[in-house]
Amino acid sequence: MNALTGNSLKISRVNIVSKKFQRHSHSGNSVTLKSPNTSVNFQPIRAAITGAADSGETHSTVLPTESARDQLRSDMAASPDVKDGRIAGISAAIRVIPDFPKPGILFQDITTLLLDPKAFKDTIDLFVERYKDKNISVVAGIEARGFIFGPPIALAIGAKFVPMRKPNKLPGEVISEEYSLEYGTDKMEMHVGAVQAGERALVIDDLIATGGTLCAAISLLERVGVHVVECACVIELEYLKDGGGAAIRGEESAAEGGRRVGTG
Amino acid sequence: MSAGRDDDPRIKGIKSKIRVVPDFPKPGIMFQDITTLLLAPNAFKDTIDLFVERYKNKNISVVAGIEARGFIFGPPIALAIGAKFVPLRKPRKLPGEVMSEEYILEYGSDCLEMHIGAVEQGERALVVDDLIATGGTLCAAMKLLERAGAEVVECACLIELPDLKGRERLNGKPLYVLVESH
């Protein structure tokens, strides 16, 4: 490896958007693999994580409770087991940077993953294995780190790649969706005509935090009649300060009850 | 190095998928829009294949992509040839320790950053972006890699605007492009 090898927190190989996210009426699947209870299975992955990553804060496992896990396994037969050997390597390749972009934030840096060709390839392979037989015709990637993971997936499954961008970057006709930030709002844009009604889409980003950006992307696609099959992220932040927690905790109770919301 | 690859039958299809948007980002500029290429899976695949065929046996260990459209083309090339992908970013996007290189714009200047430690001494690198215009950004990218001790083997872009003479700004470094636009 290189000088940038880092420790990592828990990893979620896919994240599926919950119906409970605000401002969103998405009726797609929303199975979560999270649970506030760490299971025994968490230990092997945690062992790969060095102590420095755990700066006192709890970053719990993404493995579900017993009942939820059994139900999820049967429902998601095509998905890799969370004990897939590749996950540990991917998790270990992600670096955590404290106090970026501001004090108190532990930034999940995927650039170290990109420096590990095997781990990067494994990341893409995990997503491709999951989606290649699902008739996905569109992969939408959120600027800018979604541009790194989306295109390799799109190429492998034969889908279009659609960049979802900050304002004024896309030339020509666009549609935009405003979304809330901690302070203020931002806007996301997509090209008019990039996608057609009835197409089946994935939304890709490196990480889901509050889900606001992913929601905006889903809205843009649904406004033009696209069916968003799933959202896929390399990392999910389970523990968030303030408002972010509400959306995530909603998913946690779904997992605890073993209830699956929506269908894939 | 040759500019275009007119002899390869895939080039025509790739060129036909690139959309020109007039007066963007400001009047008088004919913007070369590659997003329409990304909507044509076969043409997008052909684009990547052309680069991969060229570089797969050249012991390239680093593909550096320039934010943001270089992030679309760089990673598939890196994955196919087994190289690292290194994002070169606008200021303050990369967390942790970075090195920066300033470069001149038409009005004012901008900065490109790379992570310290991403690239090691002696590595062989490619720089990838969707388009070369004046060459300012590519030049800054090359400098960052060279300062870190890497050897820039080639710059690779889909599109060249030859009238802007960007090629000359690369200090003799080879440039490989798929299509030219005058």
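## Ring pairs, an interface and salt bridges

Tyr55(B) has a relative accessibility of 1% and counts as buried. This residue comes back in Exercise 2. The model is predicted, so keep that in mind as you work through the chains.

### Exercise 1

Task: Work out which geometry the rings of Phe147(A) and Phe161(A) adopt, and where in chain A the two residues sit.

Solution: 

1. Start with the overall count: the search over all chains turns up eight aromatic pairs.
2. Now take Phe147(A) and Phe161(A), whose ring centres lie 6.0 Å apart with the planes at 90°. The centres have to be within 6.5 Å for a pair, and an angle over 60 degrees is called edge-to-face. So this pair is edge-to-face.
3. Look up the elements next. Phe147(A) belongs to helix H6 (residues 146-157) of chain A, and Phe161(A) to strand E4 (residues 160-164) of chain A. The two are 14 residues apart, and the pair links distant parts of the chain.
4. Finish with accessibility, where buried means under 20%. Phe147(A) comes out at 0% relative accessibility, so it is buried. Phe161(A) is buried too, with a relative accessible area of 0%.

### Exercise 2

Task: Over to chain B: classify the ring pair of Tyr55(B) and Tyr176(B), then say which parts of the chain the pair ties together.

Solution: 

1. The ring centres of Tyr55(B) and Tyr176(B) are 6.3 Å apart and the planes meet at 85°, so you call this one edge-to-face.
2. Tyr55(B) is in helix H3 (residues 41-55) of chain B, while Tyr176(B) is in strand E9 (residues 175-180) of chain B, so the pair ties together parts 121 residues apart in sequence.
3. Tyr55(B), at 1%, is buried, and Tyr176(B), at 2% relative accessibility, counts as buried as well.

### Exercise 3

Task: Describe the contact between chain B and chain A: how many residues does each chain bring, and what makes up the buried area?

Solution: 

1. Count the residues: chain B puts in 37 and chain A puts in 38.
2. Then the area. About 2,800 Å² is buried between chain B and chain A, and carbon and sulfur atoms give 73% of that.
3. Which three residues lead on the chain B side? They are Leu39(B), Leu79(B) and Pro95(B), which supply 20% of the area that chain B buries against chain A, more than any other three residues.
4. Check for charge pairing: zero salt bridges are found across this interface. Polar contacts do turn up, in seven residue pairs with both residues at pLDDT 80 or more.
5. Strand E1 (19-22), strand E2 (30-33), helix H2 (35-38), H3, helix H4 (70-81) and strand E4 (84-88) of chain B each give at least two residues to the side that touches chain A. H4(B) gives the most, with five residues.
6. Sort that side by class and you get 22 nonpolar, five polar and 10 charged residues.

### Exercise 4

Solution: 

1. The whole structure holds 26 salt bridges over all chains.
2. Glu177(A) and Arg223(A) meet through their side chains, N to O at 2.8 Å. Glu177(A) is buried at 12% relative accessibility, whereas Arg223(A) is partly exposed at 47%.
3. In chain B, Glu123(B) bridges to Lys84(B), with the closest N and O atoms 2.6 Å apart. Glu123(B) is buried at 12%, and Lys84(B) is buried at 7%.
4. Arg124(B) pairs with Glu151(B), the closest N and O atoms being 3.4 Å apart. Arg124(B) is partly exposed at 26%, and Glu151(B) is partly exposed at 38%.
5. One last item, back in chain A: Asp84(A), Arg86(A) and Glu129(A) form one network through salt bridges that share partners.

Conventions:
Residues are numbered from 1 along each chain as its sequence is written. Chains are lettered from A and ligands numbered from 1 in the order in which they are written. This is a predicted model: local features need pLDDT of at least 70, side-chain atom pairs count only at pLDDT 80 or more; totals for chains, interfaces and linings use all residues. Side-chain values use heavy atoms; hydrogens and water are left out. Rings of Phe, Tyr and Trp (its six-membered ring) pair if their centres lie within 6.5 Å; planes under 30 degrees apart count as stacked, over 60 as edge-to-face and the rest as tilted. Helices (H or I, at least four residues) and strands (E, at least two) are DSSP runs, numbered from the N terminus. Buried means under 20% relative accessible area, exposed over 50%, partly exposed in between (1.4 Å probe, protein chains only). Contact means heavy atoms within 4.5 Å. Buried area is the accessible area (1.4 Å probe) that two parts lose on being put together, summed over both. A salt bridge is a side-chain nitrogen of Lys or Arg within 4 Å of a carboxyl oxygen of Asp or Glu. A polar contact is a pair of N or O atoms within 3.5 Å; within protein, one must be able to donate a hydrogen and the other to accept it, and residues adjacent in sequence count only if both atoms are side-chain atoms. Ala, Val, Leu, Ile, Met, Phe, Trp, Tyr, Cys and Pro count as nonpolar, Asp, Glu, Lys and Arg as charged, and the others, Gly among them, as polar.
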